[in-house]
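Subject: Structure handover

Hello,

Here is the structure I promised to pass on. Please keep it open while you read my notes below.

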Amino acid sequence: MENAPVPGRPNLILITTDQQRGDCLGCDGHPVLETPYLDELAEGGVRFPHAYTSVPSCTPARAAILTGMDQWNHGRLTMTGADALEYPATLPGELAKAGYHTRAVGKMHFHPQRKLYGFHHMVLDESARRIGNFISDYHLWFDEHREGAYGYRDHSVDWNSWMGRPTHLPEHLHPTHWTASEGIRFLQQRDPTRPFFLWLSFARPHSPYDPPRTYYDMYINNPRIPKPAIGGWAAPYDKKIADVNAPRTNRTDAEVHRARAAYYGNITFIDHQIGRVLYELRQHDRETLANTLILFTSDHGDMMGDHYHWRKTYAYEGSARIPLLMKYPDAWTFERNRALHQPVELRDLMPTFLDAAGLDIPESVDGQSLLDLSRGNTDTWRTFIQGEHTTCYDRAHGMQYVTDGREKYIWFHHTGKEQFFDLHTDPLECHDLADHPDHRSRVERWRKRLAGINEARGDPRGQNSTLVPQPDGALSLSPNYQRWKERAGALTA
């Protein structure tokens, strides 16, 4: 008999972090990072080691989660676009229509900042983003509960800095602790007669790298913290830039070590707060937890000094590869504690949750249900992921990429430069093989795949099965962005 969910709609929890690398999980084999609660979730379900984000920055990545669309169809090809959009369907909207009680907690990075997009209610931590009269719920709460004359970021570290240090705040005032507490509050106050969907979204480990002292101390004196990978191709970036937010800069060994210790501390702190949420369910609502499907992922990664790069927007593994775990409800009969190696993407989350709830998947959705892979239905699964970011802090680094998790081709669409990596033998991408004569056929195969995607969607970067550089500027928004903007305007006219 084919493995399948049991009848009845499960509760659904989506847990996301911000800017967490795909290799930053204990169950992924990280040499020092401790993530015991996430490892426990993976043991109760499945891990996807070749999960990617097609546009590796916050807003477009979250658009993929919200809509189940690829980037051309939801419209954002880079970190841009601040309009209210009306999509054909959203994950919380479809679940709400089906009777789910829906709640968003933490960082959403939507526009406008309190547009519900189908949620019944939101409780938000939007870091420094404040448009108009918007104030994050976390900031309002912090000002009411702080125990001294200090601000929430008086440690001075900026929102995109490579600097790392412990927070100056008591642990219970840190936004990570607040996010878990608000998730617990919803679980205590939800409508008990309906299934629920909770999106619990942590704003860390995104910089500032500022964990509580306990978590910083777990790593700062550990000599086994990995040093950044430095490829021969990265030599042009081997220079020290004074800017504390520099996206490409060579920092000292001590600076990188502190940054990584603090980054890992943020991740373990989040992991332990996820443990708080699971504990509350286990202690007070065990039946609910047993009937809950949990997915964990991140919107994108963080280069953390690899190849002298920091932050995100790049095609490299540190930026584009993300963690993805799925923990099944107890009664489901799928095989557990395994890894599935097909290439998956954030667009797959919406159809997975809708599939679990027994709901039809809207035609606008481009993703595929991860439950199909759990069922062993691999014949129709995609063979690779295509991603992009129109600019990566400057025009010259704007790129598109294609990968199956074993090979990766990167094309810089403003300059025509190419890179090619064999991820099987070189997972840290230290050896660029794009110009190696032994790999010409492999490079050409990926080049044609990318050109074909561009041409099929009407993107000028693909013409006559050829990639066409855009020295005067590539698209930042696809035509569909304007389509969803006009649709929103028509509804409010």
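Start at Pro205, which sits in strand 6. Helices (H or I, at least four residues) and strands (E, at least two) are DSSP runs, numbered from the N terminus. A cis peptide bond joins Arg204 to Pro205, with omega about 15°. Pro208 lies in the loop between strand 6 and helix 7 (213-217).

Two notes before you go on. This is a predicted model, with residues numbered from 1 along each chain as its sequence is written. Local features need pLDDT of at least 70 and side-chain atom pairs pLDDT 80 or more, while totals for chains, interfaces and linings use all residues; side-chain values use heavy atoms, without hydrogens and water.

The whole chain

The protein chain has 14 helices and 16 strands. Its radius of gyration is 22 Å, close to the 23 Å from the globule rule for 493 residues, so it is as compact as a globular protein of that length. That radius is taken over C-alpha atoms, and the rule is 2.2 Å times the number of residues to the power 0.38. The C-alpha atoms fill a box of roughly 60 × 50 × 50 Å along the principal axes. Of the 493 residues, 61% are buried. Buried means under 20% relative accessible area, exposed over 50%, and partly exposed in between (1.4 Å probe, protein chains only). Among contacts (heavy atoms within 4.5 Å) with a separation of 6 or more, 70% link residues 24 or more positions apart.

The cores

A nonpolar core is a set of buried Ala, Val, Leu, Ile, Met, Phe, Trp, Tyr and Cys residues joined through side-chain atoms within 4.5 Å. The largest one holds 52 residues. Phe48, Leu95, Phe197, Leu293, Met326 and Leu370 touch the most other members. Take Phe48: leaving out residues up to four places away in sequence, Phe48 touches Leu324, Met326, Leu340, Val344, Leu370 and Leu373. Another core, of 24 residues, lies apart from it and includes Ile15, Ala42, Val105 and Leu289.

Eight strands form an open sheet in the order 5-4-6-1-7-8-2-9, with mixed pairing. Strands pair if DSSP finds at least two bridges between them. Strand 5 (121-124) and strand 9 (338-339) are at the edges with a single partner strand each, so one side of each has no neighbour in the sheet. Strand 4 (residues 101-106) runs parallel to strand 5, joined by four bridges. Val105 has Val123 in strand 5 as its bridge partner.

Helix 6

Helix 6 (residues 175-189) has 15 residues. From first C-alpha to last it reaches 21 Å, close to the expected 21 Å. That expected span is 1.5 Å times one less than the number of residues. Eleven of the 15 residues are buried, including Trp178, Ile184 and Phe186. Their cover includes strand 4, strand 5, helix 5 (137-145), strand 6 (196-205) and helix 8 (253-284).

How many residues of strand 13 are buried? Five of the five residues of strand 13 (residues 407-411) are, so it is largely enclosed by the rest of the structure. Glu407, Tyr409 and Trp411 point one way, and Lys408 and Ile410 the other way. In a regular strand, side chains alternate between the two faces of the sheet.

Strand 13 pairs antiparallel with strand 12 over four bridges. Thr403 stands opposite Lys408.

His307 is not a glycine, yet its phi is positive, near 60°. His307 is buried, with a relative accessible area of 1%. Tyr393 also has a positive phi, about 75°, but Tyr393 is partly exposed at 32%.

Best wishes
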